[in-house]
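Notebook open. Today I want to look up aromatic rings and a bit of the surface.

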Amino acid sequence: MSLTPEPARPSRAELADFLAAEFPQCKCSIEALAPMRATVRHPVGEAELRPGGTVSGPVLMTVADVALYVAILGEIGIVPLTVTTSLNINFLRKPAGDRDILAVCTLMKLGRTLAVGEVSLYSEGSEDPVAHVVGTYAIPRATQR
């Protein structure tokens with residue numbers, strides 16, 4: 001039994017404010033936040049496309065990484081130095097070049113120093129995922145639970 005109180009879970013609005021302040025270049029928005037889950041949206045425009053009219057790989061990796069970060073911070077509190085240690089992506093099909101990308105993240109394990117989650121990426125309006133991602137994050141020791 002730990003005498004350390006559990007961190008307060010931030011609200012969706014608090015996490016959105018944190019992302020806007022610390023990552024002003026990020027185009028992602030938080031669609032949903034639930035225990036061990038997060039859904040993030042990335043708008044798609046001309047800047048997100050690669051030749052062939054499809055969403056670029058770096059955009060897909062970005063939205064997956066943001067979804068993982070949001071899901072983890074939604075559990076441990078806003079701990080800015082929680083960082084990606086591994087990100088593995090499998091591209092499954094061509095994303096639509098005229099629809100936003102949605103990232104649905106589920107945390108698989110949340111430990112004291114590592115968190116592991118998976119993310120399914122979709123073109124908005126489609127039930128077929130365009131990519132599947134598994135990522136691991138390191139949690140700073142000061143926040144160990």
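First, a term I need: a residue is buried if its relative accessible area is under 20%, exposed if over 50%, and partly exposed in between. I also note that I'm working with a predicted model.

Entry 1, Tyr 69. Buried or exposed? I looked up its relative accessible area and got 8%, so Tyr 69 is buried.

I searched the whole structure and found 4 of them. One of these joins Phe 18 and Tyr 69: the pair is tilted, with 6.3 Å centre to centre and 40 degrees between the planes. Phe 18 sits in helix H1 (residues 12–22) and Tyr 69 in helix H2 (residues 57–76), so this pair ties together parts that are 51 residues apart in sequence. Phe 18 and Tyr 69 are both buried.

Phe 23 pairs with Tyr 69 edge-to-face, at 5.9 Å centre to centre and 90 degrees between the planes. Here too distant parts of the chain are linked: Phe 23 is in the loop between H1 and strand E1 (29–34), Tyr 69 is in helix H2, and they are 46 residues apart. I checked Phe 23 as well: its relative accessible area is 30%, so I put it down as partly exposed.

Which residues go together? I wrote down Phe 18, Phe 23, Tyr 69 and Tyr 137 as one aromatic cluster.

I found a nonpolar patch made of Met 61, Leu 87 and Phe 91, with about 250 Å² of accessible area together. Phe 91 belongs to strand E5 (residues 83–91). Its relative accessibility is 48%, so Phe 91 counts as partly exposed.

Conventions. Residues numbered from 1 in each chain as written. Predicted model: local features only at pLDDT ≥ 70, side-chain atom pairs only at ≥ 80, totals over all residues. Heavy atoms only, no water. Patch = residues over 30% accessible without salt bridge, like charges linked within 9 Å, V, L, I, M, F, W, Y side chains within 5 Å. Areas by Shrake-Rupley, 256 points an atom, 1.4 Å probe, with all protein chains shown as cover. Salt bridge = Lys/Arg side-chain N within 4 Å of Asp/Glu carboxyl O. Helix = DSSP H or I, 4+ residues; strand = E, 2+ residues; numbered from the N terminus. Buried < 20%, exposed > 50% of the residue type's maximum accessible area, 1.4 Å probe, protein only. Phe/Tyr/Trp six-rings, centres within 6.5 Å; stacked < 30°, edge-to-face > 60°.
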